[in-house]
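Subject: Structure handover and findings

Dear colleague,

Please find the sequence and structure below. My notes on what was found in it follow.

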Amino acid sequence: MAATMKKTVAVEDVNVTFEDQKKINTFARNTNRMTEFKDEIEAKKKSLQNLQDASDDLMMAEDDSLLVPYQIGDVFISHTQEETQEMLEAAKEQLELEVKELEGKVSAIQRVLGDLKVQLYAKFGNNINLEADES
């Protein structure tokens, strides 16, 4: 009589402590925050590109004496080309600073997430999935 051994993959029963649950919740919150920051970065980069395009178009204008409408809030105010160009540059610099700040926040969150991943995978192994769904 030949004995056959069945290979079973059993999911280990790991107790989830309050501290573990706090780490999991922190991981989830930080993942959501990072996603929001990345979306905000993309929106700001798109605005930055729009400002760059406007600046390029303004440089190509041949008549320097034309007044250029510049939107501030819901109102358009006419300025000289030079003033408008300066305002565009200031707006671009401000957006670049905001993007850098957001990228710094994303980096900090990625470090926190990396530490939490190490801790949680060390305890739970394959019983936990901490990878983002790219759907």
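From the N terminus on, the protein chain runs α-β-β-α, which comes to 2 helices and 2 strands. Helices (H or I, at least four residues) and strands (E, at least two) are DSSP runs, numbered from the N terminus. Helix α1 covers residues 18–60, strand β1 covers residues 67–72, and helix α2 covers residues 81–124.

This is a predicted model, in which local features need pLDDT of at least 70 and side-chain atom pairs count only at pLDDT 80 or more, while totals for chains, interfaces and linings use all residues. Residues are numbered from 1 along each chain as its sequence is written, and side-chain values use heavy atoms, with hydrogens and water left out.

Overall figures

Of the 135 residues of the protein chain, 22% count as buried. Buried means under 20% relative accessible area, exposed means over 50%, and partly exposed is in between (1.4 Å probe, protein chains only). The accessible surface of the protein chain comes to about 10500 Å², and 53% of this belongs to carbon and sulfur atoms. Accessible areas come from the Shrake-Rupley method with a 1.4 Å probe; for residues, only the protein chains shown count as cover.

A contact means heavy atoms within 4.5 Å. Among contacts in the protein chain with a separation of 6 or more, 65% are accounted for by residues 24 or more positions apart.

Q81 belongs to helix α2 and is buried, at a relative accessible area of 9%. Leaving aside neighbours within four places in sequence, Q81 is in contact with L58, A61, D63, D64, L66 and V68.

M59 is found in helix α1. M59 is exposed, with a relative accessible area of 58%. The C-alpha atoms of M59 and Q85 are separated by 8.2 Å, and the two residues are 26 residues apart along the chain.

G125 sits in the segment after α2 and counts as partly exposed, at 27% relative accessibility.

Salt bridges

Side chains of opposite charge can pair when their charged atoms come close. The structure holds 7 salt bridges, a salt bridge being a side-chain nitrogen of Lys or Arg within 4 Å of a carboxyl oxygen of Asp or Glu. Some of them are described here.

K92 and E89 meet through their side chains at 3.0 Å, N to O. Both lie in helix α2, 3 residues apart, about one turn of the helix. K92 is buried, with a relative accessible area of 7%, whereas E89 is partly exposed at 29%.

K105 and E101 form a salt bridge at 3.7 Å, N to O. These two residues are 4 residues apart in helix α2, so about one helical turn separates them. K105 counts as partly exposed, at 35% relative accessibility.

The salt bridge between the side chains of E131 and K117 is 3.4 Å, N to O. This pair links distant parts of the chain, with E131 in the segment after α2 and K117 in helix α2, 14 residues apart. E131 is partly exposed, with a relative accessible area of 44%, and K117 also counts as partly exposed, at 25%.

Surface patches

Patches are made of residues with over 30% relative accessible area and no salt bridge; like charges are joined within 9 Å, and nonpolar side chains (Val, Leu, Ile, Met, Phe, Trp, Tyr) within 5 Å.

E36, D39, E40 and E42 gather in a patch of negative charge on the surface. For charges, Lys and Arg count as positive and Asp and Glu as negative; His and the chain ends are not counted. The place of a charge is taken as NZ of Lys, CZ of Arg, CG of Asp or CD of Glu. E36 lies in helix α1 and is exposed, with a relative accessible area of 53%.

I72, V75 and I77 make a nonpolar surface patch of about 230 Å². Of these, I72 has its place in strand β1 and counts as partly exposed, at 42% relative accessibility.

Regards
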